[in-house]
Amino acid sequence: MTESDLDALFEAAAAVRGRAHAPYSGFAVGAALLDEVGRIHAGCNVENAAYPVGTCAEAGAIAAMIAAGGREIRAILVLADSPDPVTPCGACRQRIREFAGPGTPILSGGPEAVRARYTLDQLLPASFGPEHLVHGA
């Protein structure tokens with residue numbers, strides 16, 4: 001991932017975070033990911049009065065990638081305003097795992113910059129993935 005890729009991820013996540021629908025928690029999140037051909041896909045959290053029916057920003061970005069024909073996450077940035085770095089929830093870590101390898105960068109950003117860098121394997125060690133399923137047996 002290049003510095004320009006990181007800048008593009010940050011810009012996309014910041015823009016979509018501003019459109020988050022978070023009237024209940026007040027915690028707006030934006031996520032942007034880089035796919036296998038260099039396209040950026042973004043998503044924001046969308047809360048629902050019937051908690052916890054809402055959608056995480058990472059899930060929205062992954063859905064946008066799939067809808068656009070992408071199939072592999074090369075890097076993902078999660079952007080929120082919190083005193084500590086915000087990482088994907090457990091369900092989103094598994095969603096990311098479906099389309100990413102163990103070394104895929106997962107970046108946590110605040111409004112001003114990237115605050116922490118992880119790999120998928122650091123956030124979801126010894127994970128279950130598509131390769132565990134036996135097809136055609």
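What pattern does the protein follow, read along the sequence? Hi everyone, the answer is α-β-β-α-β-α-β-β-α. That secondary structure comes to four helices and five strands, where helices (H or I, at least four residues) and strands (E, at least two) are DSSP runs, numbered from the N terminus.

Before the details, some ground rules. This is a predicted model, in which local features need pLDDT of at least 70 and side-chain atom pairs count only at pLDDT 80 or more, while totals for chains, interfaces and linings use all residues. Residues are numbered from 1 along each chain as its sequence is written, and side-chain values use heavy atoms, with hydrogens and water left out.

Let's start with the whole protein. A compact globule of 137 residues would have a radius of gyration near 14 Å, and the protein has 15 Å, which agrees. That radius is taken over C-alpha atoms, and the globule rule is 2.2 Å times the number of residues to the power 0.38. The C-alpha trace spans about 50 × 40 × 30 Å along its principal axes. Of the 137 residues, 39% count as buried; buried means under 20% relative accessible area, exposed over 50%, and partly exposed in between (1.4 Å probe, protein chains only).

As a reminder, an α-helix has 3.6 residues a turn, so residues three or four places apart point the same way.

Is Ser-82 buried or exposed? Ser-82 is buried, at a relative accessible area of 16%. Leaving out residues up to four places away in sequence, Ser-82 touches Phe-27 and Arg-115.

Over in strand S3 sits Arg-74, which counts as partly exposed at 41% relative accessibility. With residues up to four places away in sequence again not counted, Arg-74 touches Leu-34, Asp-35, Glu-36, Thr-104 and Pro-105. Arg-74 and Arg-39 are 35 residues apart in sequence, and 9.9 Å apart in space, C-alpha to C-alpha.

Thanks, everyone!

Methods: Contact means heavy atoms within 4.5 Å.
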